[in-house]
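The report below walks through one protein model, beginning with the pairing of its strands and moving on to its core, its surface and its charged side chains. Please keep the sequence and the 3D view side by side while reading.

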Amino acid sequence: MLTAGYRMPTHSLDFQALPKAALMQIRIALLPVVLLVPVLLTALYWLIALIFYHLPDLLRNTLLVALTQLVIFVALWIGLSKLRYRYTTYELNAHVFAVRTGIFWRNDTRVTRARVQYVDIQRSPLARRLGLATLTVFTSGSALPAIKLAGLSLESAEEIRYTLIERDRA
């Protein structure tokens, strides 16, 4: 139980990474977002080409533009998914459950175990196929009513849920 003088630690060395299977889930989730980049580039290319060039030049350069966009798309997709996977970590200790996320804008969310109301585990069809789960921790007295952590192994999610709610059983 927390004492009145307890201060949350500002750093820790116990943050854990998501399992490798979470990388595939992240890649599939990022696919629609990253797919917009080549589509928008194609539309911009065609607009510029129709305004400034005549049609034979446009058709001749279409293959080159399509290959360039394919390279950009694959690089963005692989790079962003690896970065998102790398920069999503979590920690559970005797006092705090913490989640760190974000590639460009880093978020470090910490919740004391005393504020946990209940814990939910969700599994989409893809997550079930990959053996993953999304853990949602609902809290009280906070600007953030819930913390979500997607990409946990089912065993880790169940273990965290049990650990967070075991104080109610004692």
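Strand 5 and strand 6 (residues 132–139) run antiparallel and are joined by six bridges, and within this pairing Val116 stands opposite Thr139 of strand 6. The model is a predicted one, in which local features need pLDDT of at least 70 and side-chain atom pairs count only at pLDDT 80 or more, while totals for chains, interfaces and linings use all residues. Residues are numbered from 1 along each chain as its sequence is written, and side-chain values use heavy atoms, with hydrogens and water left out.

Two terms are needed from the start: helices (H or I, at least four residues) and strands (E, at least two) are DSSP runs numbered from the N terminus, and two strands pair if DSSP finds at least two bridges between them. Strands of a sheet pair through backbone hydrogen bonds, either parallel or antiparallel.

Three strands form an open antiparallel sheet in the order 5-6-7. Its edges are strand 5 (116–122) and strand 7 (146–153), each of which pairs on one side only. From one strand to the next the twist averages 20°, an angle taken on a scale from 0 to 180 degrees between the N-to-C directions of lines fitted to C-alpha atoms.

| Strands | Bridges | Facing residues |
|---|---|---|
| strand 1 (residues 16–17) and strand 2 (residues 89–92) | two bridges | Ala17 and Thr89 |
| strand 2 and strand 3 (residues 96–101) | four bridges | Leu92 and Phe97 |
| strand 3 and strand 4 (residues 107–112) | six bridges | Ala98 and Arg110 |

A hairpin of three residues joins strand 2 to strand 3, whereas the hairpin between strand 3 and strand 4 has five residues, and Gly102 in its turn has a positive phi of about 105°.

**The nonpolar core**

A nonpolar core is a set of buried Ala, Val, Leu, Ile, Met, Phe, Trp, Tyr and Cys residues joined through side-chain atoms within 4.5 Å, where buried means under 20% relative accessible area, exposed means over 50%, and partly exposed lies in between (1.4 Å probe, protein chains only). The largest such core has 27 residues, and Phe97, Leu135 and Leu152 have the most contacts inside it. Helix 1 gives the largest share, five residues.

How far apart in space are Arg161 and Leu135, C-alpha to C-alpha? They lie 7.9 Å apart, although 26 residues separate them in sequence. Arg161 belongs to helix 4, and it counts as partly exposed because its relative accessibility is 30%.

**Charged side chains**

Side chains of opposite charge can pair when their charged atoms come close. The structure holds four salt bridges, each being a side-chain nitrogen of Lys or Arg within 4 Å of a carboxyl oxygen of Asp or Glu. In one of them, Glu91 pairs with Arg110, with the closest N and O atoms 4.0 Å apart; this pair links distant parts of the chain, since Glu91 in strand 2 and Arg110 in strand 4 are 19 residues apart.

Arg110 also meets Asp108 in a salt bridge (3.4 Å, N to O), and Asp108 forms another with Arg100, the closest N and O atoms being 3.3 Å apart. Arg110 counts as buried because its relative accessible area is 14%, whereas Asp108, at 39% relative accessibility, counts as partly exposed.
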